[in-house]
Amino acid sequence: MGVLDFPGDLVPLDKDQQGKLRTFLHPAQLLLVCLNHICPRGPPQKPSEPPPDHSQSPEEMFHTFVNKIAQVLNFDTNGDTVTALAVILHNGITTYVFASNNRSKVPLNNARKALSEILNILKLNLEASFKEPDHVIERRLMVKILWWNKVRLRAYLNTLSKELQTCMDRCDTSTPEGTAAKDSLSVMASTLPDPSKKTEEYIQGAVPCIQSIQASRNTPLRRYISARSAEDHNMAKGGSWSNLQHVAGRLLSYQYAVEVLVHAHHTWADTDLFRNFEIESVRSSTPYKGVPSESLLNPVPETAEMVLHRAPGTSKRREALKGHAKDLEKYNLGGSLQSLWAAQVEKGMRPIVHAEILLHSWLLATEGDVQRARFFQGWQYIGMSKPPCRMCTEYFANVITTPVRFRAGHPNTYLNWRLPDLYVDGRQRGREEREKEARIKWCEDLGKMKGRVFAAVERALEEKVAEWKRWDSNTYTSRVESVNGDVELLAGWLGGVGL
Ligand SMILES: [Zn+2]
């Protein structure tokens with residue numbers, strides 16, 4: 001066990017590569033993020049996570065299993081950790097290998113320890129002569145998972161407590177449905193653990209609360225919450241119902257995780273998956289060393305017109321895009337881009353290789369790469385703690401060709417994204433030539449990414465223009481929406497508990 005590195009030496013970014021990022025990729029990304037901010041009707045509601053589906057094919061079930069493992073390992077408190085995980089044959093042994101964003105050595109070691117403790121509960125049960133019933137194993141796993149996720153758990157339960165109170169006050173008790181909902185919410189509130197308790201006792205108290213959320217599935221209460229939550233989105237009423245629905249979903253997902261894990265240990269009881277395994281992690285990507293932020297992003301904000309002037313395609317297309325951008329001055333596109341750009345300059349451009357690309361490129365760089373034979377049961381899959389971002393989705397779908405599959409992506413674009421780093425083995429002859437080839441490939445990939453980002457900018461421009469033409473100017477106000485979704489919401493909760 002140790003932190004895995006890439007074989008070979010890192011090839012640093014040269015001036016030409018930096019120039020390409022500064023001229024093409026980052027300005028287009030900023031414009032895209034800005035267009036996604038300018039949202040007149042709020043984001044669509046996220047569908048709730050469905051319960052485990054035991055009619056899935058074994059391969060689909062395995063996908064769910066690795067996604068759940070990645071999720072429960074994602075317990076850091078900084079809110080922006082994302083974990084990618086695969087089960088592969090490494091040095092001839094079935095190995096869980098994962099990569100995370102922004103985890104130094106100690107948090108990576110902790111995550112390995114957590115996974116080892118979780119998997120050992122299942123291993124011990126398989127090896128025991130007396131098999132415990134599922135509900136006993138589920139509870140044991142739940143307590144273990146909640147212990148590792150204890151900071152998030154407290155943040156979720158604090159939010160749940162607050163939103164339950166607000167929602168009880170907002171139930172329309174002039175209707176029988178509203179009265180019944182208020183009663184049910186009050187029953188749920190009575191299961192909340194006492195926040196003054198120490199961790200162990202607090203976790204024991206959290207289990208019945210999660211069970212009460214589970215019991216509320218498919219009940220009139222759940223339908224009442226869903227309906228009010230949809231109103232939150234349409235009418236911007238403060239979001240308590242949607243926050244309640246969201247946080248209840250996050251808590252319930254721990255229950256789903258233990259159910260998936262217990263089911264998996266029955267399904268693959270006779271394999272090495274839970275009996276004979278190793279756990280490894282890949283060193284997290286860090287921002288470029290020795291590359292100042294101003295080499296990656298112009299310190300003077302550019303206008304949408306300047307950015308669009310570099311869009312690929314014909315000059316006719318560029319003029320059409322600029323025309324759309326002009327139309328969107330109604331939304332203050334220029335001002336929004338300028339302030340987002342200035343904020344980014346202030347923050348500094350510090351792109352990293354996102355966890356799924358990091359893990360994928362580590363697999364490519366090591367023996368067996370992404371061939372079928374390297375993966376558990378030949379299932380070429382990388383699980384994720386959350387859906388991949390738009391940049392990663394574009395990279396896997398349209399920039400490189402890979403047999404590896406991932407979760408469906410989400411439409412958010414992050415500015416801290418970069419292509420995988422280049423490594424060249426220094427011990428062999430012809431190193432210079434290989435370095436040159438690697439840079440050429442990088443430039444090709446960057447060119448493709450640029451094309452995809454500009455295509456997304458074009459779609460966003462066209463959609464937004466169509467949108468405002470459809471709506472009378474009095475029926476909407478320009479709203480700035482969170483682009484980080486969960487991350488910001490979670491950061492807010494964590495902030496609220498004084499961490
Ligand atoms: Zn990503």
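Residues are numbered from 1 along each chain as its sequence is written. Because this is a predicted model, local features need pLDDT of at least 70 and side-chain atom pairs count only at pLDDT 80 or more, while totals for chains, interfaces and linings use all residues.

Student: What is the mean pLDDT of the protein chain?
Tutor: The term pLDDT denotes the predictor's confidence in each residue, from 0 to 100. In the protein chain, 90% of the residues reach 70 or more, and the mean pLDDT is 88.

Student: Over which residues does pLDDT stay under 50?
Tutor: Helices (H or I, at least four residues) and strands (E, at least two) are DSSP runs, numbered from the N terminus. Where pLDDT is low, the predicted coordinates should not be read in detail. The stretch with pLDDT under 50 comprises residues 471–499.

Student: Which residues of helix 3 are buried?
Tutor: A residue is buried if 20 or more other C-beta atoms, placed from the backbone, lie within 10 Å of its own, exposed if 12 or fewer, and partly exposed in between. The buried residues of helix 3 pack against elements including helix 2 (58–72), helix 4 (134–148) and helix 9 (240–267). They are Leu108, Ala111, Arg112, Leu115, Ile118, Leu119, Ile121, Leu122 and Asn125.

Student: Why are helix 5 and helix 9 described as oblique, and what is the hand of their crossing?
Tutor: Axes are lines fitted to C-alpha atoms, for helices over the stretch in contact, and angles run from 0 to 180 degrees between N-to-C directions. Angles under 35 degrees count as roughly parallel, over 145 as roughly antiparallel, 65 to 115 as roughly perpendicular and the rest as oblique. Helix 5 (residues 150–170) and helix 9 pack at about 140°, with axes 9 Å apart, and are therefore oblique. A crossing is left-handed if the near helix is turned anticlockwise from the far one by less than a right angle, and right-handed if clockwise; that of helix 5 and helix 9 is left-handed.

Student: What is the hand of the crossing of helix 4 and helix 9?
Tutor: Helix 4 and helix 9 pack at an angle of about 130°, and their axes are 9 Å apart. The two helices are therefore oblique to each other. Their crossing is right-handed.

Student: Is Ala84 buried or exposed?
Tutor: Ala84 is placed in strand 4 (residues 83–90). Two residues are in contact if their C-beta atoms, placed from the backbone, lie within 7 Å; beyond four places in sequence, Ala84 touches residues including Ala70, Phe98, Ala355 and Ile382. With 29 other C-beta atoms within 10 Å, Ala84 is buried.

Student: Where is Asn218 found, and near what value is its phi?
Tutor: Asn218 is exposed, with 9 other C-beta atoms within 10 Å. Asn218 is found in the loop between helix 7 (199–215) and helix 8 (220–235). Its phi, a positive value in a residue other than glycine, is near 55°.
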